[in-house]
Every structure is written in C-alpha cells, then in structure tokens.
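Visitor: I have a structure on screen and a few things to ask about it. Could you walk me through it?

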2 protein chains.
Amino acid sequence: LSTVPAPRAAAILAWLSPEERERVLRLLSEGVARELRDLLAYPPNTAGALMDPRVFTVRETETATAALERLRDAPGEVREIYAIDDEHRLVGVVPLHRLALASREDRIASIVDPAPGMITSTVTREELVEYLARTGLPSIAVVDTEGTLIGVLRHAALVGAAEEEALIDLQRMVGASVDERALSPIGFAVKKRLPWLNINLLTAFLAAAVVGLFESTIATVSALAVMLPVVAGQSGNSGAQALAVTMRGLALREVRGSQWRRLVFKEAMVGAINGFAIAIVAGLGVLVWSRSVGLAVVMAISMVLAMATANFAGASIPILLKRFGQDPAQSASIFLTTVTDIVGFFVFLGLATLAIQML
Amino acid sequence: LSTVPAPRAAAILAWLSPEERERVLRLLSEGVARELRDLLAYPPNTAGALMDPRVFTVRETETATAALERLRDAPGEVREIYAIDDEHRLVGVVPLHRLALASREDRIASIVDPAPGMITSTVTREELVEYLARTGLPSIAVVDTEGTLIGVLRHAALVGAAEEEALIDLQRMVGASVDERALSPIGFAVKKRLPWLNINLLTAFLAAAVVGLFESTIATVSALAVMLPVVAGQSGNSGAQALAVTMRGLALREVRGSQWRRLVFKEAMVGAINGFAIAIVAGLGVLVWSRSVGLAVVMAISMVLAMATANFAGASIPILLKRFGQDPAQSASIFLTTVTDIVGFFVFLGLATLAIQML
C-alpha cells in the first residue's frame, strides 16, 4: 500500500471494515498512515477523498533561486507549483517555465499567476465533473474553508471521475443506488434496490389494471393475451432507444435551451416511422399465426401509436426530470416502462374491443 | 472559429456538409484553414481527429539555452516539450523542470526522457480510453506510422473521450448506434435503430409463443393475462439493475478474472431475496384483487423464481458478451428482456397450468 499513490491507497482502504482498516494502517509507517487517515476522513466521492495531498508549494516571499533549489530535491516529478502565503493559504500557481526563465533574485510573488481552478474539499464528484466540463482544466487546487491549500486533483482522478459519473447514470436509470458496486455485499444490494422494485411493482399493477379493464375482451379472444408481450416489448425497446440518446445528449450538453422541442418532435417522428416499418412485419406475423385480418390490423395500428408515444416519452422523461431539478437519469427507465406499458396495452386492447366483431 | 482550439474547431466543422465546410474554410486565414483540413482528414473518433496538432518541439541536438530562448517566445502556455530528431521523429519528452535546472550548454539529448505514452493517429477512441485507464497519463504524443510527431492528446480531449465512451454504453445496450446523437436527422436515427427493433420483434414473438403454449389456460382463467405485465415488469426491472451494476463493474475494471462466479452468484441471491420481498407484496395484491389464494401463491412463487433468473441473466449477459469478444453493452438489454420475458411467462403460466384446479 505504501507504494501506490495515496488517494488510490485510501480508496482501497475505504472498502475495508473499520477494524481491518485500523489493522492495515498500523502496519504502515507513521507518515503514510497519517496521510491515509486524513484522506479517509473526507466523505467518499468528494474532492477531499479524490485529491492527492502531496503538493509542491513555495512561499510567495521566497526567491526563484530558493524555489529552484528545493525543486531539485523534490521526490518524483513535479507537475505544478502552488504559491502559498505564511498561513498556507493558496495564492496562485507558478508556471514552471516562468520559474525557469526568472531572474535568480526575483521573488515568487512577482511571477505567480492566479490559480486557474480552485475548489473546496467538500465538492462532490458530480459537481466536480460539471466544473471540469465547463473549465477543461488538467489539475485543480483543493482548499479548505479557510483557503488553506490541502491538495491537488490531477488528471487521472478527474478522468476516472468523469467516466464513473457517466456510468453511474446506467444504475440510476434502473433504480440501483449510486454507491452500489459489482461486488458489493448482497445485503447492501438488496436494501438499496428494493425500494425501487416496490415502486416498479406499483406501476406494474397500474399496467395490469389497464389490462384488467379489458378482461372480458381477452376472455372472448384469448389470442390477445398472447400478443401483449409483443406490444410491450416493442414499445419498451423503442422508448429505451429514445431515452438513451436523450440522456447522452443531456449529459454531454449537446441539447440546450429550447432545442428540447426539436428533440422531442424528432423522437416522436422516429418512433412513428420505425413503428410503421415494424407494424408491417408484426402485422404479417400475426396474420400468419392467427389467420385473422382484424387482429393483424389492430396489431399494426397499435404498433405505430405505441412506438410513437414510447419515443415521445423516452425523450420527454429525462428532460422533464432535469427541468424539475431532478437527476435526468433517476429511475428514468421505471417511469418509461410505466408509460409504454399503459399506453401500449390501452391502445392495443382498446382497438381490439372496438373491432371485436372482426377478430 | 479561429479563436477556439483547433480540435474543437475541427469537431464543429465535421458537422457541416462538405460544401458548407469548404465555404467556412475559405473564410479563414490560410494557416488556420490548412491545420483544420489536416485534422479533418482523420476519421472521426480517432486519436488523429481528437489531438491538438500544435506541439512545442525541440531538436535533440539543440542546447538548453536555445530551447529556453524559443520557449520564452512561444505563444500561450507550454505544458509539455517534445524532443524530435532531424526527421521530425519523436525522441522523447523534456521535463520542464529538468530544462529549467539544466546547465546552459547541455544538449537536449542529455536531459530527454522516453515519452511516457505514444500512440498512432489511427487509434480509436475506445482503444484510447482503454489505454488511458491502464496508464493514467495526462497527455499522450500522437505519431504517424513513421514515428513522426504530429500532435498531442491533452487532458480535456481525454476526459471528454472517457465520459463519452461510458455514455455510449447506454445507447449500445438498447441497440442504438454509437454515432447517433440527440439531434441527428430523423432518417439517420430510423435507419440505425430499425435493425435492432426487428431483432427485438423476433424475440418478442418468442415470448408471445411461450404465452401461446398456455392459451387454453388463459382462456379458462383470463385473470392470468392481467397478471402477465406484473411478472414481466418486475423481472425486467430487477434484471436491468443487475445488468447496470455488472456493466459498470466491467467498464471500470472492478471485476477481474475468476470474480465473475462470485458476481453471478451474488446477483442470483440478490434477485431471490428481493424476489421474496416483492412476492409477499405482489401475492397480497393479487389476493385482494382476485380473492383467489391459488393465484396469489402462483404469483408469489413465480416472482421469486423469475427475479432470481433475471438477475442471474443480467449479470451473465455482459460477462458472456465480453468473453466471446463482443462489446459487453451491445444490445444487452434486448437479450435480457428476451430471457426475463420467456422465463417469467413460462414459470408463471406453467405453475398456473399445474395448479389450475385451485385458481
């Protein structure tokens, strides 16, 4: 553990139970252990826990020569030099090439630039990724509430944060918790997922209630029950495509301001056109299987309507969630299947009931 | 356009039609236009198209003094110095602090380090993200097939690439194409999504065929048709949770080697336990609605079996896709709903048929 970078080591330790962690820390040298203890005190997924506490600092009152002397003795490669005042508060950054070109007696204060980026240790990973996307900085100074420099966030941690933030959307979409990982304990996974499964059950009962409205139609034409999975499956998948494309557009900030109208319209059109193409195949399939022209026509019309609505919903749900200040991914696919199931079943069984004489 | 960084400008131009692009390029100064033309010649989403062609280079035969002189006049901040030979082939990097501390007559060749990372311009974004995850480098030199230095990939491009690669998984999962964006033309979206929707239709017919096997049972007890969406909805959502957690684990390389057994077992257990909890609620719901103890028991047992299988499948599908050299995201959710629908319907309707006297 003492050979890997401190934030990585802290991340590994964070997975252990408090007792195990203590046992490992006692095996390490005092300096390394203290550093790790400090890092572990920050809540996970905040800038404090992600940062590297080892920063090369110079005082603003130092001379360039003195700073260069210390730089020569610094262990490892120095990527950025932060200038601090006597209270260890961040003053700015000293560009390496500026230090190299400085006259030997220049004070640091005369060659310091304002720090291009600075955040406090309590900033969350999500806010960090947002900040990164806005500024595109390769490293960010981390300070505490008094402005004391306590660490630096570097490239690797930031790339990891961006990648992870995007992947987490996948989990949020289906109502799995952000902090669940592939190898989390079973009890943890159960506890975190169950509330969303209960909500999903409620919405599934809603879809069932729609089918229940048409129970007498199904009792007359039991072939309708056989076709229900096709309606639900197609509109669900088509809506999920619209959802995925929209979510990516929102996350990468490709969709702005009033463009949402265009996006929602586009998705409804794509759903209708794909629905039309699928309707032909599905209608023929039903005709071959059931030998009922009526059933085939009902299936075909439902397919177009259900898929257009599904894509409309797939694009609208994340946009609405975002507009109401929610995470656009949060349980989006649960909301989506609710809409696609209810609309799909209502259209299909409703049309079948109207055309019952011809089935 | 001449005020934004070249790769960004090229990315903007890449969205225009060839005629529009030519018109814009003719408005720019000759130097800027040439640079952009060069960048645009690389296929999108390769290192060549993502890189910044403006690199500060020094010849290995130069003295440190000469290099520092040129550094003083360099426009903008210089983040990395690459050393090249007389044929403009990459020799290595010169750490800025090493240059600053060098004796003024030292040759560059004596203070050059091997380049920590180097890739060719044809490397794809996906390979790049893989490479980044392995090395954690903040910038990577880009060379052509002869080893000539042609550009550098820097932080912002790499963070963007990592974030985008992760978000694309979302689209792959539901069979939407990687190159479709939120505001892509309707015709493009239709063409790219329709093949997967057709495959999904095939799998939906498979699920329908399973329901068809039990058509006579449904004709006797039409309440079964009403319950089908509940079985499909719950196992689908539970399986999607397992899928999302597994996909993230694979993408962030948290799951390695033989750990897949542990992961698949964990998911099956989570599915069974959550299934048991949901079975109680769902069973009670069915009992209240149908007043049939038999139907409630069939629902409850099916829920446990279907959700355990769904989570098993949700974890296995991306692992299997990866093992067979496929993208673990590719249409994973289409495969998943096929499994959850077929197993869910078979278990539920099968049990109902066995227990038909008690319904």
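**How the two chains meet**

The copies meet through the same surface, because 100% of the interface residues of chain A are also interface residues in chain B. Contact here means heavy atoms within 4.5 Å.

Guide: A quick note before we start: this is a predicted model, where local features need pLDDT of at least 70, side-chain atom pairs count only at pLDDT 80 or more, and totals for chains, interfaces and linings use all residues. Residues are numbered from 1 along each chain as its sequence is written, chains are lettered from A and ligands numbered from 1 in the order in which they are written, and side-chain values use heavy atoms, with hydrogens and water left out.

Visitor: What kind of axis relates the two copies?

Guide: Chain A lands on chain B with an RMSD of 0.3 Å, using least squares on the C-alpha atoms of residues with pLDDT of at least 70 in both. That takes a rotation of 180 degrees and 0.1 Å of shift along the axis. The copies are therefore related as by a two-fold rotation axis.

Visitor: How much area do chain A and chain B bury between them?

Guide: The contact draws on 103 residues from chain A and 104 residues from chain B. Buried area is the accessible area (1.4 Å probe) that two parts lose on being put together, summed over both. Carbon and sulfur atoms carry 69% of it, and the total is about 8,900 Å².

Visitor: Which residue of chain B meets the side chain of K266(A) in a salt bridge?

Guide: A salt bridge needs a side-chain nitrogen of Lys or Arg within 4 Å of a carboxyl oxygen of Asp or Glu. There are four salt bridges between chain A and chain B. For K266(A), the N to O distance is 3.3 Å, and the partner is E180(B).

Visitor: Is T338(A) buried or exposed?

Guide: T338(A) sits in helix α14 (residues 332–354) of chain A; helices are DSSP runs (H or I, at least four residues), numbered from the N terminus. Buried means under 20% relative accessible area, exposed over 50%, partly exposed in between (1.4 Å probe, protein chains only). At 13%, T338(A) is buried.

Visitor: What is the phi of S331(B)?

Guide: Most residues other than glycine have a negative phi. S331(B) lies in the loop between α13 (293–323) and α14 (332–354) of chain B, and is buried at a relative accessible area of 0%. Although S331(B) is not a glycine, its phi is positive, about 55 degrees.

Notes: Helix = DSSP H or I, 4+ residues; strand = E, 2+ residues; numbered from the N terminus.
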